[in-house]
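Please look through the sequence and the model below before reading my points. They are numbered so that each can be checked on its own.

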Amino acid sequence: MFCKSCGREIAEGTQFCPYCGASQNSANNVATTQESKVWGILSLIFGILGGWLGLVFGIIGLCTYKDKENKLMCKVGIGVFAFWAIIYLLILISSFSLVNG
Ligand SMILES: [Zn+2]
C-alpha cells in the first residue's frame with residue numbers, strides 16, 4: 001500500500017506513515033462515520049413523519065452504532081415515533097368510543 005499523504009510505499013496495515021507520520025486510517029474512519037449516520041438520520045426523518053420505518057431504522061442504528069452521538073440520534077428518532085404512536089392510539093381509541101357511544 002501507499003501513504004495517503006506523501007504517496008510512498010509503506011507496509012500493509014501500517015497505521016502511521018514512517019516517512020511523513022500521516023495517519024492511514026483517518027480518511028476511512030471519517031467515511032465510515034458519515035456512512036453509518038444514515039441510519040440515525042433515516043430514523044429521525046421517518047420518526048418525525050410518524051412512520052414505522054423510524055422505529056426500524058432506529059433499532060438498526062442502535063445495533064450498528066458504537067458512537068454515543070449516533071445512538072442518541074436513533075433514540076430520538078424512536079422517541080419521536082413513540083410520540084406519534086401514542087397519538088395514533090389515542091385517535092384510534094377516541095374513534096372507537098365515538099362509534100360505540
Ligand atoms: Zn507519508
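How many residues does H3 have, and how far does H3 reach from its first C-alpha to its last?

1. H3 has 33 residues and reaches 47 Å from its first C-alpha to its last. This is close to the 48 Å expected at 1.5 Å a residue; the expected span of a helix is 1.5 Å times one less than its number of residues. Helices (H or I, at least four residues) and strands (E, at least two) are DSSP runs, numbered from the N terminus.

2. Some ground rules come from the source. This is a predicted model, in which local features need pLDDT of at least 70, side-chain atom pairs count only at pLDDT 80 or more, and totals for chains, interfaces and linings use all residues. Residues are numbered from 1 along each chain as its sequence is written.

3. The protein chain has 3 helices and 0 strands, and its elements run α-α-α from the N terminus on. Of its 101 residues, 20% are buried. A residue is buried if 20 or more other C-beta atoms lie within 10 Å of its own, exposed if 12 or fewer, and partly exposed in between; C-beta atoms are placed from the backbone.

4. Contacts in the protein chain with a separation of 6 or more include a 33% share from residues 24 or more positions apart. Two residues are in contact if their C-beta atoms, placed from the backbone, lie within 7 Å.

5. Which residues form the largest nonpolar core? There are 11 residues in this core: Trp39, Leu42, Leu44, Phe46, Leu55, Phe57, Met73, Cys74, Ile78, Val80 and Phe81. Helix H1 (26-49), helix H2 (52-64) and helix H3 (68-100) each supply at least two residues of it, and the largest share, 5 residues, comes from H3. A nonpolar core is a set of buried Ala, Val, Leu, Ile, Met, Phe, Trp, Tyr and Cys residues joined through C-beta atoms within 7 Å.

6. H2 has 13 residues, which should span 18 Å at 1.5 Å a residue; its end C-alpha atoms are 18 Å apart, so the two values agree. Buried in H2 are Gly54, Leu55, Phe57, Gly58 and Gly61. In H3, the buried residues are Asn70, Met73, Cys74, Gly77, Ile78, Val80 and Phe81.

7. How do H2 and H3 pack? Two packed helices are described by the angle between their axes and the distance between the axes. The axes of H2 and H3 come within 8 Å and cross at roughly 155°. Axes are lines fitted to C-alpha atoms, for helices over the stretch in contact, and angles run from 0 to 180 degrees between N-to-C directions. H2 and H3 are therefore roughly antiparallel to each other (under 35 degrees counts as roughly parallel, over 145 as roughly antiparallel, 65 to 115 as roughly perpendicular and the rest as oblique). H2 passes H3 in a left-handed crossing, meaning that the near helix is turned anticlockwise from the far one by less than a right angle; clockwise would be right-handed.

8. On the H2 side, Gly54, Leu55, Phe57, Gly58, Gly61 and Leu62 meet Asn70, Lys71, Cys74, Gly77, Ile78, Val80 and Phe81 in H3. Leaving aside neighbours within four places in sequence, Phe81 is in contact with Gly47, Gly50, Gly54 and Leu55.

9. Is Cys63 buried or exposed? Cys63, in helix H2, counts as exposed because it has 10 C-beta neighbours inside 10 Å. The C-alpha atoms of Cys63 and Cys74 are separated by 10.0 Å.

10. Phe2 is found in the segment before H1 and is exposed, with 11 other C-beta atoms within 10 Å. Leaving aside neighbours within four places in sequence, Phe2 is in contact with Gly7, Arg8, Glu9 and Ile10.
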